[in-house]
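The sequence and the structure are shown below.

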Amino acid sequence: MEGFHVLMYHELIKKEDFDYANYKGIKVQQDYQDILPPVLFAHLEAFESQMKYLYEEGYVTLTLRDVIDFYYHNKALPEKSVLLTFDDLYKSILLYAYPILKKYNFHAVGFVVKDWLFEEVQSYSTTQSVCLSKQELEQMKDVFEYANHTKALHTRKAGQGALQIVDKSSFIEDMKDCEQYVGTKNVFAYPFGIYTDENIDWLKGEGFLLAFTSVDGLEDTYEKNNDIDTNHCNLIKFIPWLRKEGSCDRLYN
Ligand SMILES: [Zn+2]
């Protein structure tokens, strides 16, 4: 297959714990409130079966260096390869994803909003998306590499993302701050997947090599009635998508 697929995860939650009617949104260090839409929750059971499938089928979990080498140095990728990405880094990633990834000796990418990371470890909650602490990110470094998801520009107001209204110097200042913190340089993920042509130019001007957005994928099975059980992320949809020819589409999961 030419290219590879990118899987995008936000929150993992046990099926029995998922109760969107009582969901209170994100809890982050920055003074900012938001909610994740239901589609950004993946059931733990579905995640487990996806990772087991990848392992049993012999998929290689790529590093960002592999992806850069593929795009910029014509380096071939393994026939079966996938990039696992986790945005925002909530508690469920340490609690649930990390042990599973470690068990399979998988590699993953965490896109970090620097100002969302707590200085002190917080408790897990089934009704809030609680961000991890800096110390917890360190704990997961044998599995995760971290890249830039802004310092404090993962915000939106009245339907507009901060990246759509910010000026160039503020953007670059913010971007450089997060860039100093993360281990993997010159790779960016747009908050909410939203970007402008200017944003692309600014990132290129600063030497960025990759910037991730998101495309519709498995979530097309999600019905507007908040019934997340409807085939959500199960293998029936997952396997055909993995086998599809294609380059770099990042799948909501
Ligand atoms: Zn995000």
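## Helix H6

In this predicted model, helix H6 comprises the 14 residues 168-181. The distance from its first C-alpha to its last is 20 Å, close to the 20 Å expected at 1.5 Å a residue.

Four residues of H6 are buried, namely Asp174, Met175, Cys178 and Glu179. Viewed along the helix axis, the buried residues of H6 fall within an arc of 135°, so they line one face of the helix. On the other side of H6 are the exposed residues Ser169, Glu173, Lys176 and Gln180. Strands E7 and E9 are among the elements that cover the buried residues of H6.

## Strands E7 and E9

The two strands named above also pair with each other: E7 (residues 108-112) runs parallel to E9, and five bridges join them. One of the residues involved is Val112, whose bridge partner in E9 is Asn148.

Strand E9 spans residues 144-148 and is mostly covered, with four of its five residues buried.

## Helix H1

Helix H1 consists of 13 residues, 44-56. From first C-alpha to last, H1 reaches 18 Å, close to the 18 Å expected at 1.5 Å a residue.

The buried residues of H1 are Leu44, Ala46, Phe47, Gln50, Met51 and Leu54. These residues lie on the same side of H1, because they cover an arc of only 160° around the axis. Just after H1, Gly58 adopts a positive phi of about 80°.

Lys204 and Asn186 are 18 residues apart along the chain, and their C-alpha atoms are separated by 9.2 Å.

## The chain as a whole

The protein chain contains eight helices and 14 strands. Of its 253 residues, 37% are buried.

Contacts between residues at least 6 apart in sequence were also classified by separation: 73% of them join residues at least 24 apart.

Notes: Residues numbered from 1 in each chain as written. Predicted model: local features only at pLDDT ≥ 70, side-chain atom pairs only at ≥ 80, totals over all residues. Buried ≥ 20, exposed ≤ 12 C-beta atoms within 10 Å, placed from the backbone. Pairing = 2+ DSSP bridges. Contact = placed C-beta atoms within 7 Å. Expected span 1.5 Å × (residues − 1). Arc of directions from axis to C-beta.
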